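Below is a short briefing on a single protein chain. Please read it alongside the sequence and coordinates.

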Amino acid sequence: MSISETTPGVTMEEITALAKRRGFIFQSSEIYGGIGGFFDYGPLGAILKRNVKDAWWREMVELRDDVVAFDSSIIMHPSTWVASGHVAAFHDKLVDCRNCKHRFRADHLRSLDQCPDCGMRESLTEPRNFNLMMQTSIGPLEDSASRAYLRPETAQGIFVNFKNIYQSARKRPPFGIAQIGKSFRNEITPGNFTFRVREFEQAELEFFVPDDGKDMRWFDDWVSARKKWYSDYGVDATKLRFYQLTPEERPHYAKAGTDVEYLFPWGWGELESIAHRGTYDLDAHMQLSGKDLTFFDEATKTKFTPILIESSAGMDRTTLTMLIDAYRNESITDASGKSSTRIVLRFHPAIAPVQVGVFPLARNKPDLVARAHSIEQGLRAKARTQYDEGNVGQLYRRQDEIGTPYCVMVDYQTLDDGTVTVRDRDSMVQERVSGDSLTTYLSSRLLV
Ligand code: ATP
């Protein structure tokens, strides 16, 4: 058997079609015509995104002893966003076309002389500031006193709690605080499927270090750790780049910054930003709140404001990356020379929503069906499994399209000697495995 890629790369049309067909991602409120910049994760997409978040959490929190967990509220005291600078400066420049009424981000336009959609000259308005924070109001009155914001990033919840956290967790810098949660931005031009949306999840690590001259080493260590994470989960290294921001591209207080970018079908796009933010964030909150957020060292009875290294990754963009990166159109020629094609998602086993599919060879044979059900149930403690039945070719095709690494087929021989056929998604090779060793066989391969 030989397997080759027919068309390298994937188009966004192919990704959105597969996402809908197989239940990864749907447009939000589709029956009402949808709502721009919002998406829902279907039965498989919800698991895929959860797996991506779990993989981040495992690496950033569970496998370390210098990072603690956190989960802050989405709505915070409005002063938070004054101190962080979001009220005054979280703007994009907005431009409208007077002719076609389309709206653009000024920094996305090549020229302000001509509308890129209708082509009309001098139809664009002057760029004006548009604050990206979404507003809501708290309590029964809708006035300026009740105004609040849906957080545009999760990080501020960590900063304002810095003292509560280090004291209760008994941590001293260098140490980090991690959280995953929803953020909201009223993006002017949401687009590219789930890449730029108005409601999304961020995974943020805020790592606090003392000012002892090792801050840049910590920054470099975090860039390496994040590089390793993407590589461990199989993201194609040739489509990833770690772009070092120039001093002009960084905020004035940041000593270093690296953007992690992926080569999407439309070009490079940011997945994550890693930044050396100095003491800017804690200083800003201390100044406005008048509260002390320095670290007090009990041993030496001294206090200092720690330096912050931040890694901020978008979980929706990372999930989309996993889908795009795994997608292959393949053509297969079997031993007898017969050729066919398939779509396959070559997910890393830890990311795959279903890890093992189990089927009976025939769905009208109660013995086979009962045996397949019992094998599938027996595997549940070790893997994410799915029982399915029907035409064998279609069963494999469906599991390939959702990226299931292994399929177990229960046939007549199973009833005689307990063995099953295990098919490997990537090589399509089938092996006869004894029932007793099936769990070990699969778990050793799924843990790679
Ligand atoms: P961009 O330049 O693409 O708007 P940003 O530089 O404003 O992104 P950050 O504020 O650094 O983004 O946020 C950290 C991460 O959060 C981003 O790298 C991205 O993965 C994610 N993110 C930010 N905005 C969005 C969005 N509108 N939709 C989905 N994910 C987002």
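The notes that follow cover the overall chain, its strands, one surface patch and its aromatic pairs.

This is a predicted model, in which local features need pLDDT of at least 70 and side-chain atom pairs count only at pLDDT 80 or more, while totals for chains, interfaces and linings use all residues. Residues are numbered from 1 along each chain as its sequence is written, and side-chain values use heavy atoms, with hydrogens and water left out.

**Overall chain**
- The chain has 13 helices and 24 strands; these are DSSP runs numbered from the N terminus, helices being H or I of at least four residues and strands E of at least two.
- Of the 448 residues, 50% are buried (buried is under 20% relative accessible area, exposed over 50%, partly exposed in between, with a 1.4 Å probe and protein chains only).
- Along the principal axes, the C-alpha atoms fill a box of roughly 75 × 70 × 45 Å.

**Strands**
- Three strands in the order S6-S5-S7 make an open sheet with antiparallel pairing (two strands pair if DSSP finds at least two bridges between them).
- Strands S6 (103–105) and S7 (128–131) are the edge strands, each pairing on one side only.
- From one strand to the next, the twist averages 45° (axes are lines fitted to C-alpha atoms, and angles run from 0 to 180 degrees between N-to-C directions).
- Four bridges connect S5 (residues 91–96) with S7 in the antiparallel sense, and Asp 92 stands opposite Phe 130 in S7.
- Elsewhere, S23 (residues 420–424) and S24 (residues 430–433) run antiparallel and are joined by four bridges; Arg 423 has Gln 430 in S24 as its bridge partner.
- Five residues lie between the strands of the S23 and S24 hairpin, where Met 428 takes a positive phi near 65°.

**Surface patch**
- Val 82, Val 87 and Leu 288 form a nonpolar surface patch with about 240 Å² of accessible area together (patch residues have over 30% relative accessible area and no salt bridge, with nonpolar side chains joined within 5 Å and like charges within 9 Å; areas come from the Shrake-Rupley method with a 1.4 Å probe; a salt bridge is a Lys or Arg side-chain nitrogen within 4 Å of an Asp or Glu carboxyl oxygen).
- Leu 288 belongs to helix H8 (residues 280–289) and is partly exposed, at a relative accessible area of 48%.

**Aromatic pairs**
- There are 19 aromatic pairs (Phe, Tyr and Trp rings, the six-membered one for Trp, pair if their centres lie within 6.5 Å; planes under 30 degrees apart are stacked, over 60 edge-to-face, the rest tilted).
- The Tyr 262 and Phe 264 rings are edge-to-face because their centres are 5.1 Å apart and their planes at 75°; both residues are buried.
- Ring pairs also link Phe 162, Tyr 166, Phe 175, Phe 208, Phe 295 and Phe 304 into a cluster.
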